[in-house]
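Please examine the sequence and the structure shown below. The paragraphs that follow lead from one local detail to the protein as a whole.

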Amino acid sequence: MLKLSRLLLHSSRYLVPQWNRDPLSQKSLFREATGDFKLLRGITTQTVMSSAMQSSARDGNSAVKIFAPYSIYKGKAALSADPRLPTFSKLESGGYRVERRGVIMLTFWPAIGERKYDWDKRQVFALSATEVGSLISLGSKDSCEFFHDPSMLSSNAGQVRKSLSIKAHVDGSGYFISLSVVNNILKTNDRFVVPVTTAEFAVMRTAFTFALPHIMGWDQYTNQLPHGANQSSPKAVHELQSSEWDR
């Protein structure tokens, strides 16, 4: 706000009549003032949007949603990745704790033609914090594989099996990321393979590294007010989208 006030004061000097100035000088002042007001309008817009997003996050209001998946489109399938934040529950003491851990959701969907993909046939795989750690620590010739059972601890345990494999290219130029989903309930067997270049994997590694403390809820932990301070609402963003285990 201090910066905004200084800019207002700086711009206001152009509004005072300067009758003793020549026309060229007045035109120069007008152009400079116009530039300052455009800058001021941009700062005001950014401030309003930032305030609205912060208010929405505090109040749990879903009016402002940001969607920013990182997507990779290849010949036989496409892959996107985006973080899903944890949810928090309130304790009797007034504090909050993680109720549901966050993940990085990988979504695969098949190609049905040149630059055409079938979103309705998508499959998802939710990477936990530890699995994210395995992925971002891969070397140029390393590989890893993860297995999930979305129906684990239920009567349908073992009926749906998911396997995510990340294998390095022989020449070290990237990775093959593949997902296999066997659903004995629906009698389906889906497999997606997406070749990822070194550059694309570098983007994933950097983005996943940035997102890791957020899906763990540690960003909220480190940003909380000091102990004993008055805090009327948690600085927690509740991600309500469905996870792999809900499908």
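Ser 71 stands opposite Ser 80, a residue of β2. The model in which this is seen is a predicted one. Strand β1, which covers residues 70–73, pairs with strand β2, which covers residues 77–84. Their pairing is antiparallel and extends over 4 bridges. With 3 residues between them, β1 and β2 form a hairpin.

The structure holds 5 aromatic pairs. One of them is formed by Phe 108 and Phe 192, whose ring centres lie 6.1 Å apart with 35° between the planes. Phe 108 and Phe 192 are both buried. Elsewhere, Tyr 73, Trp 109, Tyr 117 and Trp 119 are linked by ring pairs into a cluster.

The view may now widen to the entire protein. It has 5 helices and 11 strands. Of its 247 residues, 33% count as buried. Among the contacts with a separation of 6 or more, 50% are accounted for by residues 24 or more positions apart. The accessible surface of the protein comes to about 16,500 Å², and 56% of that surface belongs to carbon and sulfur atoms.

Technical notes. Residues numbered from 1 in each chain as written. Predicted model: local features only at pLDDT ≥ 70, side-chain atom pairs only at ≥ 80, totals over all residues. Heavy atoms only, no water. Phe/Tyr/Trp six-rings, centres within 6.5 Å; stacked < 30°, edge-to-face > 60°. Buried < 20%, exposed > 50% of the residue type's maximum accessible area, 1.4 Å probe, protein only. Pairing = 2+ DSSP bridges. Helix = DSSP H or I, 4+ residues; strand = E, 2+ residues; numbered from the N terminus. Contact = heavy atoms within 4.5 Å. Areas by Shrake-Rupley, 256 points an atom, 1.4 Å probe, with all protein chains shown as cover.
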